[in-house]
Amino acid sequence: MCTGKCSKFIGVSLYPFTLICIICNLILLFPSWSVEYVKDARNHLTPEVLYLGGIIGGGALVLIPAIHIQATGRKGCCNNRCGMFLSILFAAIGVVGSGYCFIVSVLGMVKGPVCNIDPFYNSTSNATGWGRPFDGDLKEFSEENYLFKKDLWNVCKQPSGVVEFNIILFSILLASSAIELVLCAIQMINGLFGCLCGACGGNKD
């Protein structure tokens with residue numbers, strides 16, 4: 001596959017993942033499918049949701065590079081060495097954006113959601129009311145993490161099902177941003193070859 005066709009394939013492949021990231025982040029703003037909690041977002045929503053990793057990182061910062069990367073695969077002003085060089089820079093922005101989304105998603109999963117905690121729940125922080133019952137005790141991905149202890153999830157009384165809600169959506173964000181990161185990294189290498197050797201099927205200047 002020549003560098004131009006590879007760029008076109010990568011650009012087109014990035015579109016659905018940017019859409020998935022944006023949609024997942026938007027849905028995370030409405031736990032239990034309710035607008036009630038977004039009205040007092042700072043106290044009732046998981047901080048990582050408000051970092052907008054899916055909208056800004058995996059969304060906008062990948063979508064803009066995807067448009068240019070796809071353009072380098074079509075005959076025209078971008079299908080040349082200059083366009084390939086620029087695609088390296090745009091792909092680097094995509095790596096930063098997807099990396100940001102990936103890190104935020106990991107933090108969101110590891111630290112757990114903000115929720116109204118069962119007052120009878122005994123945690124080391126002695127937290128009651130709204131808080132993060134899983135933050136501080138179990139910080140790493142291990143068998144001791146709350147992610148693998150479903151019986152702990154019922155400590156969150158409100159929003160209903162928020163633990164499952166966050167885990168599912170942050171997992172999708174995690175996977176999507178990881179794929180975006182890999183695709184953008186491949187484009188940086190592909191763009192380098194295109195810059196040095198020219199984009200086949202188009203102008204070589």
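Buried means under 20% relative accessible area, exposed means over 50%, and partly exposed is what sits in between. Leu 52, at 26% relative accessibility, therefore lands in the partly exposed class. Keep in mind that this is a predicted model.

**Salt bridge**
- The count comes to one salt bridge, and the side chains of Arg 132 and Glu 48 make it, at 2.8 Å from N to O.
- This pair ties together distant parts of the chain, 84 residues apart: Arg 132 sits in the loop between strand 2 (129–131) and strand 3 (156–158), while Glu 48 belongs to helix 3 (residues 47–50).
- Both partners fall under the 20% cut-off, so Arg 132 counts as buried at 16% relative accessibility, and so does Glu 48 at 3%.
- As background, side chains of opposite charge can pair when their charged atoms come close.

**Nonpolar cores**
- The largest nonpolar core has 26 residues, and those with the most contacts inside it are Leu 28, Tyr 146, Cys 156, Val 163, Ile 167 and Leu 173.
- At least two residues of this core come from each of helix 1 (3–28), helix 5 (81–111), strand 1 (115–117) and helix 6 (162–197).
- Helix 6 is the top contributor to this core, with eight residues.
- Setting aside neighbours within four places in sequence, Leu 28 touches Leu 45, Val 49, Phe 165, Asn 166, Leu 169, Phe 170 and Leu 173.
- There's also a second, separate core of nine residues, among them Cys 6, Ile 10, Leu 14 and Ile 69.

**Surface patch**
- Tyr 51, Ile 56, Leu 61, Ile 93 and Tyr 100 make up a nonpolar surface patch of about 410 Å².
- Helix 4 (53–71) and helix 5 are the elements giving two or more residues to this patch.
- Tyr 51 is found in the loop between helix 3 and helix 4, and is partly exposed with a relative accessible area of 41%.

- Most residues other than glycine have a negative phi, and most peptide bonds are trans.
- Trp 33 isn't a glycine, yet has a positive phi of about 60 degrees; this residue lies in the loop between helix 1 and helix 2 (41–44) and counts as exposed at 67% relative accessibility.
- Leu 52 also isn't a glycine and has a positive phi of about 55 degrees; its place is the loop between helix 3 and helix 4.
- Gln 158 and Pro 159 are joined by a cis peptide bond, with omega about -10 degrees, and Pro 159 is in the loop between strand 3 and helix 6.

How values were computed. Residues numbered from 1 in each chain as written. Predicted model: local features only at pLDDT ≥ 70, side-chain atom pairs only at ≥ 80, totals over all residues. Heavy atoms only, no water. Salt bridge = Lys/Arg side-chain N within 4 Å of Asp/Glu carboxyl O. Helix = DSSP H or I, 4+ residues; strand = E, 2+ residues; numbered from the N terminus. Buried < 20%, exposed > 50% of the residue type's maximum accessible area, 1.4 Å probe, protein only. Core = buried A, V, L, I, M, F, W, Y, C linked by side-chain atoms within 4.5 Å. Contact = heavy atoms within 4.5 Å. Patch = residues over 30% accessible without salt bridge, like charges linked within 9 Å, V, L, I, M, F, W, Y side chains within 5 Å. Areas by Shrake-Rupley, 256 points an atom, 1.4 Å probe, with all protein chains shown as cover.
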